[in-house]
Amino acid sequence: METDELATYLASLERDSCYRVDVVYKESRLETTQRVFFVGENGAELGPFVRKYLAPGLGGAYERIYAAQRDGVRLPHLPRIVECHRQDERLVVVMEHVAGKTLADVTAAATDHLGLVRQVFPDLCDAVSELHELLDPPVIHRDLKPSNVMVSAGGITLIDLGIARVWKEGAEQDTTHFGTRVYAPPEQFGFGQTGVASDVYALGMLLFFCLTGREPTAADREGGFVGAGVSEALREVVVRATQLDPAARFSSVRELRDALLAALDKAGEKSVCPQEPPTFERRAPRPGTLLSRVPRWAGAIWNLVVVGLTFVLVVGCVMAVVDPTPENAAQPLWYLVVSYFVFLVPCFLIGCYLLLDRRWLRREIPALTRFTVRQETRAGLLVMLALFVVWIVAAFIAGA
């Protein structure tokens, strides 16, 4: 062993000894996963963190993600990797500990599975898209299942990328064939190289799981998922995503996401489940947008500004009728009432609602989680348009 390699090896051993093992989550021939705390020289502890020891051939995606994070690539749906080094032939990975509940636990507790899908699945698609689109070449997760998806107030986090792999141009099949059979596509077990379409397949199976609260069976897939209590529009999305032929599936996770949102719009009120929303907080904005990165305190300040400005405008409308200017006084009173109280005040209030950071409002009023931000915006704009038409008619009558 060369001097530099020996120094690196000894340094890694020293770093590993600085961690106190709190819980062992998993221990097998291929992988050991622990919850650990970093202990400083003064005895102070930092953490918790998750530490993994991975057998040769596993965990290569962690090295790729670690390098990308150090280069400044933002991957908000993945744990932040603190350390990533090799010790003997094993890969050692230390990463942030992700709080929250697994998708399995959240689905088991849900009473409105359609509402659950509306809240978590677009975010889950965006999380997988990060692996495919922000890393070059793409990283394929290969083990998307309910226990590997964490749901928290901040949204979705993907965990356990031990068998994830980097796409290799020209490869005929994977060198290792792992995965959870219920959610893994046929190419993952030696029938070809896994790629973006492989994660699409797993997401299709996860979509069925979230919609029904149970794992899909071979009979479900062979029967086209008929009779499972899933609306026709959503069933078609599941069927296409889980085709045996990768070329027949959605070409990307983003395409799957778009198809899902369209199907959800069609499904709408046709949910076969009780209309009670899940108990965890919804992440309303799409990840990657500005709002998803805005701290809640900044959102609260923004809300105060929006409400304050709206209050001033509404008071101005009231005064325009109660104490009109000479120009307004020349207009009929009924026209002033229509202009300010029927048109402007409602428009200002609707605009105020649409401009608010509504994360807190959705938490306090769970019924709002049944509607997407896009649906709320569309409805608000349509009401404002209708009010504008009423005002135009009133102005025409007053002018006549």
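How many bridges join E6 to strand E8 (residues 149-152)? Two, and the strands run antiparallel. Helices (H or I, at least four residues) and strands (E, at least two) are DSSP runs, numbered from the N terminus. Two strands count as paired if DSSP finds at least two bridges between them.

Before you select anything, note that this is a predicted model, in which local features need pLDDT of at least 70 and side-chain atom pairs count only at pLDDT 80 or more, while totals for chains, interfaces and linings use all residues. Residues are numbered from 1 along each chain as its sequence is written, and side-chain values use heavy atoms, with hydrogens and water left out.

Stop 1: Select Lys-101; its bridge partner in E8 is Val-151. The three strands form an open sheet in the order E6-E8-E9, with antiparallel pairing. Strand E6 (101-102) and strand E9 (155-158) are at the edges, each with a single partner strand, so one side of each has no neighbour in the sheet.

**Stop 2: the helix across it.** Select residues 113-133. This is helix H4, lying across E8 and E9 and running at about 40° to E9. Contact here means heavy atoms within 4.5 Å. Axes are lines fitted to C-alpha atoms, for helices over the stretch in contact, and angles run from 0 to 180 degrees between N-to-C directions.

**Stop 3: the hairpin.** Strand E1 (residues 19-27) and strand E2 (residues 31-39) run antiparallel, joined by seven bridges. A hairpin of three residues connects E1 to E2. Pick Glu-27; Thr-32 is its bridge partner in E2.

**Stop 4: two cis bonds.** Most residues other than glycine have a negative phi, and most peptide bonds are trans. Select Gly-47 and Pro-48. The peptide bond joining them is cis, with omega about 10°. Pro-48 lies in strand E3 (residues 45-54). Next, go to Asp-136 and Pro-137. Their peptide bond is also cis, with omega near 0°. Pro-137 sits in the loop between H4 and strand E7 (139-140).

**Stop 5: two positive phi values.** Select Arg-142, in the loop between E7 and E8. Its phi is positive, near 70°, and the residue is not a glycine. Arg-142 is buried, with a relative accessible area of 4%. Buried means under 20% relative accessible area, exposed over 50%, partly exposed in between (1.4 Å probe, protein chains only).

Finish at Phe-225, in the loop between helix H6 (218-222) and helix H7 (232-241). Phe-225 is not a glycine, yet its phi is positive, about 60°. Phe-225 is buried, at 3% relative accessibility.
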